[in-house]
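Hi everyone, thanks for having me. Have a look at the screen.

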Amino acid sequence: METIFKVCLGLGLGILAWPVSAALNVFACEPEWGALAQELGGDKVSVVSATTAKQDPHRIEARPSLIARIRSADLLICSGSELEVGWLPLLLTQSGNDRIQQGSPGFIEASQYVVKLEIPKVVDRSLGDIHPAGNPHVHLDPRNIAKVGTVVTERLSEIDHASADFYRARSESFGKRWQEAIQRWQQRAAPLKGVPIVVYHKDMSYFISWAGMREAGSLEPKPGIPPTPTHLAELVDRMKRNPAKVVVYSAYNDPRPAEFLSQRANIPGIMLPYTVGGTEKAKDLFGLFDDTIDRLLGMLK
Amino acid sequence: MHRNLCCAVALAAAAFPAHAQDSELSKMREALRQLQQQVQQLEKRLQDAEKTASEAENTAAQAAAQASSRPQSESALNPGISAILNGVYANLSKDPNTYRINGFVPTLGEVSPGKRGFSLGESELGFMANVDHMFRGTLIASIAPDNSSIGVEEGYIQTLGLSKGFSIKAGRFFSGVGYQNQIHAHAWDFTDAPLAMKAFLGNQLNEDGVQFKWVAPTSIYFDLGVEFGQGRAFPATERNKNGVGSSNVFTHLGGDIGESIAWQAGLSYLSTSPRDRTFDDVDSLGTGVTNSFSGDSKLWVVDGVLKWSPDGNPTYKNFKLQGEYFRRKEDGSLTYDTLGQSQGTMTDGYLSKQSGWYLQGVYQFLPQWRVGYRYDQLDSGTTTLDLVDSGALTAADFPILAAYKPKRNTIMVDWNPSEFSRLRLQFARDYARMGEPDNQMFLQYIMSLGAHGAHRF
C-alpha cells in the first residue's frame, strides 16, 4: 500500500514538472468559437475545441480528455443558453480550475452578448428539448460573431495584459475584414430573401433570420426528438401543398431524413457545414459563411 | 409632398401652350424627367429610413423582451430541482425474500432483486446549485416506496474555486471506489447492480466524509484522489470513535483514441476495519444464528470503460463497454452465535480472499433504442475459519460461506423517446443462490423531471 502510494506520488510529481506551453490555453466548446479565438489570438493562443463539426454539441459526454484539457484552460468560450448543459457543468466542477468558472474573466458565454431568437413563451418538455433562454446556435448570424469577437478580445487582453496591443491590432484587422465580408455576404445572399427552407434541427435560425429566409418546417418533430416516419409523412404532405425551396441538414445530422423528404417532395436537399470544419471549404469562419451561402445559392438554380 | 410636387409639374407641363417651340418642349421634358428621378430617389431614401427604423424597433423590442423575460423575483436564484420517477414490474421465479449470494458474507444492503409484481422503485429528489463563487452544493434525497423513510442518498458540497487541478468534496457522496459505484442507479445501463457491487459494496456505497482529488496538467487524463469516511456502511461498520473509519485511494487514466473512441481506466483501494459486523446464517442444527466479523477489510477494484461512436457523435449509434474486477481480503476474527441461541458463542480467526468481476456491453443501434448484455461472476475463493479447522464447529455450521461461484447472465433492451425518459425490459438468469437459478424479468420506466442532469462519463 505504502509503496504504491509512493509510486503514485512520484508519478504525480513527475507530471507536475511537465513542460507547459507559454501560449494562452483556450477551451472552446464549439469549433466556431475556437476559430474565432484563433483569429483574434494568433500564435499567442493554443486553442482546443471540445466538439467537432461532426458532433452534436447537445449530446457529447464529459469524457476524460475534456477534463484534462479544461483543467489547463485560461479562457473558456461556449455558446451557453443551456446548449452544453449535459456536459459542461461536470467539466467545470471536475476541472479544479478557478480561472474558467462562471463569473471569472476566463468564462465567456457567447449567447449572452447577442440578441437571442426564439425565446419560448411557454417552457415545457412536452415541446421537446427547448432552451428557456432562447435559441443557443447564435454564431450563424455573422453580426453575432463580431459582437462576441469584441468580448473575446477584451478578455484576452485582460488575462494576458502584456500582449494587449497585439490582441487589439488583431481585433481591428479581423473586425475590418469581417465587416467587409458581411457586406459581400449581404449582397451575395440577396437572392435568398424570402426563400422557404426546411431545417433538420432549429440550429439554422440565426442564419435564416439574417438572410431573411423563411423557415417552412423542421425534420425533427420537436427540438431534440429524432425525425419520426409519421412526422416525415406529414411534412411531405405539407410540402406538396406549400413547397419549400430547399431542405438542409447539418454536418452532424443523419442525412437520411433529409434525403427522404427531398425525394418524396421533390425539393433539393443539401448538407450545410453548420460550423467550422463541417465541410472542406468551411476551414475558418469566412469559409463557413462563404460555403453556407454558396451551397444555398446552388440549390436555387 | 414629393408626389404633389410631381403632379404640379406634370400639370404645368400639360397646360403648356401647344405652340411652344419643340426645343423648349424637350427642355421641359428633360427637366420633368430629372425631377421625377429626384423624387424617386427621395422616396427610396425615405423607404430605406423607414425600414432601418423598423428594424431598429424590432431589435429594441427583442432586447426588451429578453430583458423582461429574465426572472426578477427571489425565485430566480432557486436551485436546480430534479425528480426521478422509477417504477418496476418484476417477475421472479424464486422468492426475493430468500435472496442471498452464496459463498459471500451477507452485506445487509439492498441487494435483493426487489418485490414481485408491480412496485414503485426508489424516487429521487435532487437540488443543485452553485452556493457562491467558491462552492457548489448538491442534495439528492431518495424516497422509499413503502412510505417508511426519506433517506439522504447524496448531500455534499464541492469546491469550485480551487486551482491547479485540486477539488474537494465533503458530505455524503457515492464513494469513488470502482466505476459504477459513483453513478446514480437511474443512470445505470441495467435495472440492478452487478453481483460484484452487491457482494463487495452492499449494492452501492455512499460514505460520509471528505474527498480530495487532483487532476494532472497533462493532455492525457490522470487523477489521484483520496477519501476519508466515517465507515457508515458495508464493508465497514459504524464505530463510535474519532478519526477515520474508512479510507479509499483511487487513480484514473483516460483519453481518446482518434475521434471515435474515449476510454478510462481506474484503480481503487478501499480499506476499512469493521467491528462486530453481523450476518445471519443457519447452523448445522438448523437453528438461525447471528455471527459477526471484526478485523480488516481491504478491497481492490480495477475498472475500465470504453465508449465508441462514429466520429464521436453518439446521437445515432454508440457502443459502451464496461467492466470491473474486485478483489477483497478480510482478516480478523469471526464470532459464532453472538446471542448464544444454539451451540454457544465462540470466537476464532477468520481469513478470506475473494474476487468477482463483470463485463457489460450496451449498443445503441438506432437513435432511441439500445440493447445490452452483462456477464457477472464471483469466486468465493479461499475462506479459512479457525473455528472449523480447530474442530470446534463444522463447515456445515456456516452454509452461507461454503465455496461457490455465483454467476449471472443479463440481457436488456431499452427505448428512450427523449433524453428524459427510458422504458426498459430486462431478463436475467441469476445463479447467486447455490443450486437455485432464479429467472428474473424486469419491466421498468425511469423518467426525469426538471433540471437537465449532467451525467458522468
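Before we start, one term: two residues are in contact if their C-beta atoms, placed from the backbone, lie within 7 Å. Please also keep in mind that this is a predicted model.

Let's begin in chain A with helix H10, residues 285-300. H10(A) has 16 residues and reaches 23 Å from its first C-alpha to its last, which is close to the 22 Å expected at 1.5 Å a residue.

Which residues of H10(A) are buried? They are Leu285(A), Leu288(A), Phe289(A), Thr292(A), Ile293(A) and Leu296(A). Looking down the axis of H10(A), you'd find these buried residues within an arc of 115 degrees, so they line one face of the helix. Here is the background: an α-helix has 3.6 residues a turn, so residues three or four places apart point the same way.

And what do the buried residues of H10(A) pack against? In chain A, their partners are the helices H2 (31-41), H5 (142-159), H6 (164-188) and H7 (205-211), together with the strands S7 (246-250) and S8 (269-272).

Now over to chain B, and strand S1, residues 80-92. S1(B) pairs in the antiparallel sense with S3(B), residues 123-130, over five bridges; there, Ala83(B) has Leu125(B) as its bridge partner. With S18(B), residues 438-450, the pairing is antiparallel over eleven bridges, and Asn86(B) is partnered by Ile446(B). S1(B) also pairs with S2(B), residues 117-120, in the antiparallel sense over four bridges. In that pairing, Val88(B) stands opposite Ser119(B).

Note on methods:
Residues numbered from 1 in each chain as written. Chains lettered and ligands numbered in written order. Predicted model: local features only at pLDDT ≥ 70, side-chain atom pairs only at ≥ 80, totals over all residues. Helix = DSSP H or I, 4+ residues; strand = E, 2+ residues; numbered from the N terminus. Expected span 1.5 Å × (residues − 1). Buried ≥ 20, exposed ≤ 12 C-beta atoms within 10 Å, placed from the backbone. Arc of directions from axis to C-beta. Pairing = 2+ DSSP bridges.
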